[in-house]
Amino acid sequence: MKNVSLAIIPGDGVGREVMPGAVDVLDTIADIHGGLSFQNTWYPYSCDYYLKHGRMMAEDGLDQLGQHDHIFLGAVGNPKLVPDHTSLWGLLIAIRREFQQVINVRPAKKLSGIDSPLRQNEDFDFVVVRENSEGEYSEVGGRIHQGDDEVAIQNAIFTRKTTERVMKYAFSLAENRRKYVMSATKSNGIVHSMPFWDEVFNDVGDGYPSIDQASSHIDALAASLVSKPHELDVVVASNLFGDILTDIGAAIMGSIGVAPAANLNVNGKYPSMFEPVHGSAPDIEGKGIANPIGQIWTGKMLLDHIGEHELSTFLLSTIEEVLADGFKTQDIGGNSSTGEVISEIVRRLKIN
Ligand code: NAD
Ligand code: IPM
Ligand code: MN
């Protein structure tokens, strides 16, 4: 029996609405398999927790989370009550950093059953490999002077080790896909970090002669995601560029509510974290219409990560079958509730 210990953090907003169903889906899959079980420990870490305790997680929260094999997270943020930089740096980003989750893998592909807003070339299937720990997401910088002379400085950090690691991950991934890596750069305008990024991309790329490789400036690449996404296979991007590209990837799939992600610890020392691309969606919170597909597809990435590829393929095909049969939330043109989509997926998993 394979036992996988999961820390479950629903977080805020729609994270709480989609998480129970996504956990149900994983437990159902484990039951079907017979040789797999998840031991789920639920953690209340969220903006509500902050309002009660003055911090986003317990003082030993990271130690607690570190006891588990992996973390399954919903979404974090309630900007009306807690400033985003406080809530995100106190939970989501704290976890990514503590557990060296330096690679964020974010697939985007046309799912059957969801109409893409693209009118042509909509049959795409690519993966953005996002560097997940550096770049503009840095505490280096500050504010100097005051009044009209005030200046805010935000330093972007790019270390050779981490940059090499994300490039290697992207090239290895491409080896098992369509053998093409596109690097997101901006070395025409950003004079230190981006020429360095290009240099590391080219150096690492030399070690993968069987992989086609190219670079595109992020502005042009953003346009390509809309005009010719079918040409892309693996896209490697810095933290901020990857963040933005993956919301575009989500949009061309039909909704940010369907996009999955995996924050990977690649040295095997710490848990990885599985968390969809979307946020807490305060504008639709409490209405029962949040799309659960992003969270459930993220669960599929967890299954892949633990080596359960057959189950993961079965889950994705069940998701597509349910969507194609019209069980869809409003954001992708349906009228089902969150709960109806989840129940239908669980029901089909059991009978298929
Ligand atoms: P968001 O992703 O929460 O919402 C953007 C838009 O997408 C909204 O219109 C929302 O209704 C819609 N949407 C998002 N998830 C959906 C779903 N599952 N089903 C249907 N529609 C969905 O982004 P935002 O509004 O910029 O951020 C809201 C809060 O979430 C902020 O506090 C932000 O910092 C935080 N956030 C957290 C994460 C995370 O925890 N990983 C990611 C992004 C944003
Ligand atoms: C994401 C989110 C986070 C990020 C925010 C909420 C800090 O947008 O996971 O995509 O930028 O990494
Ligand atoms: Mn984002």
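Author: Domain bounds here come from an automatic or database domain assignment. On that basis the chain splits into domain 1 (1-102 + 257-352) and domain 2 (116-253). The model is predicted.

Reader: How do you know how far apart the centres of domain 1 and domain 2 are?

Author: The centres are taken over C-alpha atoms, and 25 Å separate them. The two domains also touch. The contact draws 10 residues from domain 1 and 13 residues from domain 2.

Reader: Which helix gives the most to the side of domain 1 that touches domain 2?

Author: That is helix α5 (residues 92-98), with 3 residues. By class, this side of domain 1 has 6 nonpolar, 2 polar and 2 charged residues.

Reader: What pLDDT does the chain average?

Author: The average is 97, and 100% of the residues score at least 70. The scale runs from 0 to 100. For the complex, the predictor gives an ipTM of 0.99 and a pTM of 0.98.

Reader: Why is Ile 256 called buried?

Author: The cut-off for buried is 20 or more other C-beta atoms within 10 Å. Ile 256 has 20.

Reader: Where is Ile 256 placed, and what does Ile 256 touch?

Author: Ile 256 sits in the loop between α9 and β11 (262-264). Leaving out residues up to four places away in sequence, Ile 256 touches Asp 247, Ala 250, Ala 251, Val 277 and His 278. Glu 150 is 106 residues from Ile 256 along the chain, and 36 Å separate their C-alpha atoms.

Reader: What makes His 145 count as exposed?

Author: A residue is exposed with 12 or fewer C-beta neighbours. His 145 has 8 inside 10 Å, so His 145 counts as exposed. Its place is the loop between β6 (141-144) and β7 (151-154). Phi of His 145 is near 60 degrees, a positive value in a residue other than glycine.

Reader: How do you know that Ala 281 is buried?

Author: Again the cut-off is 20 or more. Ala 281 has 22 other C-beta atoms within 10 Å, so Ala 281 is buried. This residue lies in the loop between β12 (272-274) and α10 (293-305). Phi of Ala 281 is positive too, near 45 degrees, and Ala 281 is not a glycine.

Reader: Which residues of helix α8 are buried, and why are they said to be on the same side?

Author: In α8 (residues 218-227) the buried residues are Ile 218, Leu 221 and Leu 225. They cover an arc of only 55 degrees around the axis, so they lie on the same side of α8. The face turned away from that buried side carries the exposed residues Asp 219, Ala 220 and Ser 227.

Reader: What do the buried residues of α8 pack against?

Author: They pack against β8 (180-185), β9 (212-217) and α9 (239-253).

Reader: Which of the 23 residues around ligand 1 come nearest?

Author: Gly 77, Gly 257, His 278, Gly 279 and Asn 291 do. The shell around ligand 1 divides into 11 nonpolar, 8 polar and 4 charged residues.

Reader: What makes up the shell around ligand 2?

Author: Leu 88, Leu 92, Asp 243, Val 277 and Gly 279 make up this shell. By class there are 3 nonpolar, 1 polar and 1 charged residues. Gly counts as polar and Asp as charged, while Leu and Val count as nonpolar.

Definitions and conventions:
Residues numbered from 1 in each chain as written. Chains lettered and ligands numbered in written order. Predicted model: local features only at pLDDT ≥ 70, side-chain atom pairs only at ≥ 80, totals over all residues. Helix = DSSP H or I, 4+ residues; strand = E, 2+ residues; numbered from the N terminus. Arc of directions from axis to C-beta. Contact = placed C-beta atoms within 7 Å. Near = placed C-beta within 6 Å. pLDDT = per-residue confidence, 0-100.
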